Amino acid sequence: ENGALTNVELAERVRLSASQASRRRQRLEEVGVIKGYRAEVDPLRIGLGVTVFIQVTLATHSGKNAQRFRDLVAHTPEILEAHALTGDADYLVKAVVEDLPALGALVSQVLLPHEAVERVRSNVVLET
């Protein structure tokens, strides 16, 4: 819930000594249970007013094509997450953009022209 807690603050919350809390946290980090810490940024405060979930269907289902799509995702800063799926779509992508014209550009100039992509379907978030 709050990765910024000090070991002393964490220890107080879980009723352990600070050294015990520190050792347990360190162990959880070492074994990969805690994968990292992050800052949660409000997209609106940095000018990103539209959040969208985009279903992507790949043109072909080969390992090379999937890798091409993963490379596209990795190099597209608007894309925050991409999940491989079962079902109708191959991927579900979460993206944030400035406005609807920016969404149009992402879809029509980045995703659809890419050789790995056959079809996209966008769902704009109205409220979170």
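**Helix packing and salt bridges in a predicted model**

Residues are numbered from 1 along each chain as its sequence is written, and side-chain values use heavy atoms, with hydrogens and water left out.

Helix α1 spans residues 7-14 and α2 residues 18-30, and the two pack at about 100° with their axes 8 Å apart. Helices here are DSSP runs of H or I with at least four residues, strands are E runs of at least two, and both are numbered from the N terminus. Axes are lines fitted to C-alpha atoms over the stretch in contact, with angles running from 0 to 180 degrees between N-to-C directions. On the α1 side, Asn7, Val8, Leu10 and Ala11 make the contact, and they meet Ala18, Ala21, Ser22 and Arg25 of α2 (contact being heavy atoms within 4.5 Å).

As for salt bridges (a side-chain nitrogen of Lys or Arg within 4 Å of a carboxyl oxygen of Asp or Glu), the whole structure has two. One pairs Arg68 with Glu115, with the closest N and O atoms 3.5 Å apart. Arg68 sits in α3 (63-74) and Glu115 in the loop between α4 (100-111) and β4 (117-124), so this bridge ties together parts 47 residues apart in sequence. Arg68 is partly exposed at 30% relative accessibility, whereas Glu115, at 55%, is exposed (buried is under 20% relative accessible area, exposed over 50%, partly exposed in between, with a 1.4 Å probe and protein chains only). Glu118 and Arg119 form the other bridge, at 3.9 Å from N to O. Glu118 is partly exposed at 48%, and Arg119 is partly exposed at 45%.

How values were computed. Predicted model: local features only at pLDDT ≥ 70, side-chain atom pairs only at ≥ 80, totals over all residues.
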